[in-house]
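Student: I have a structure open and want to go through it with you. Can we start with the surface?
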Amino acid sequence: MEHSEAVDPVAVIARRVREVRGRHGFTAQQLADRLKAAGVPWDRAAVTKLETKRRQSVSVAELLAFARVLDVAPVHLLVPLEGQSYQVTPKEAQPSDRVREWVRGADPLPSTNLRIFRSEAPEHEWSDLDLPEREQAENEVTGHLLAGVQAARRAGLTEDQVVEWIRGAWRLADALEKGIDGEQEHQEEAER
């Protein structure tokens, strides 16, 4: 995606805060008061600077506070509701619909390592994901790995030792998969 046509995340937050604040009927001062009550020391001028795009950044704590006091999920302030190109990193833009799914943890961005992406989700969320059969099988393997990691931690392994154990398990899984895939290819060629 072209980086020049993509929407900047802070500009999206500014626009969405202004829109949602307006729907609630809050003044900038009322929103600032609600933020202060939530522990974010903003005043009316800070709210106005954000909404008029004269503020260049919003911290994660501020984004979460805005979402909380405006009664919306953070993703609805962070990513445009409509399909647009969205600046994910300074060098990468993606369609906003895809970014919304990524932020929700439902669908990775292109060229993401699926094993890492899925393994960082809590196991109880795996059933919520609409996954093809192969990914479901990988998640089952990941579940076994996570159980192994928990056992390794209980056994007193350091974080580095646990990471190495995981890497070794994935290398073994990759080798087995390549062996199975290679065996299937060999069998298909023999059948032809």
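Tutor: This is a predicted model. The protein exposes about 12200 Å².

Student: Switching to secondary structure. How many helices and strands are there?
Tutor: The protein has nine helices and two strands. In sequence order the pattern is α-α-α-α-α-β-β-α-α-α-α.

Student: Contacts next. Taking those between residues at least 6 apart in sequence, what percentage join residues at least 24 apart?
Tutor: That figure is 46%.

Student: How many aromatic pairs are there?
Tutor: The count is one aromatic pair. It consists of Trp42 and Phe66, with ring centres 5.0 Å apart and planes at 85 degrees.

Student: Why is the pair called edge-to-face?
Tutor: Because the planes of Trp42 and Phe66 stand at 85 degrees, and an angle over 60 counts as edge-to-face.

Student: Where do the two residues sit?
Tutor: Trp42 is in the loop between α2 (28-37) and α3 (44-51), while Phe66 belongs to helix α4 (residues 60-70). The pair therefore ties together parts that are 24 residues apart in sequence.

Student: Is Trp42 buried or exposed? And what about Phe66, buried or exposed?
Tutor: Trp42 is buried, at a relative accessible area of 4%. Phe66 is buried too, with a value of 0%. The cut-off for buried is under 20%.

Key
Residues numbered from 1 in each chain as written. Predicted model: local features only at pLDDT ≥ 70, side-chain atom pairs only at ≥ 80, totals over all residues. Heavy atoms only, no water. Helix = DSSP H or I, 4+ residues; strand = E, 2+ residues; numbered from the N terminus. Contact = heavy atoms within 4.5 Å. Areas by Shrake-Rupley, 256 points an atom, 1.4 Å probe, with all protein chains shown as cover. Phe/Tyr/Trp six-rings, centres within 6.5 Å; stacked < 30°, edge-to-face > 60°. Buried < 20%, exposed > 50% of the residue type's maximum accessible area, 1.4 Å probe, protein only.
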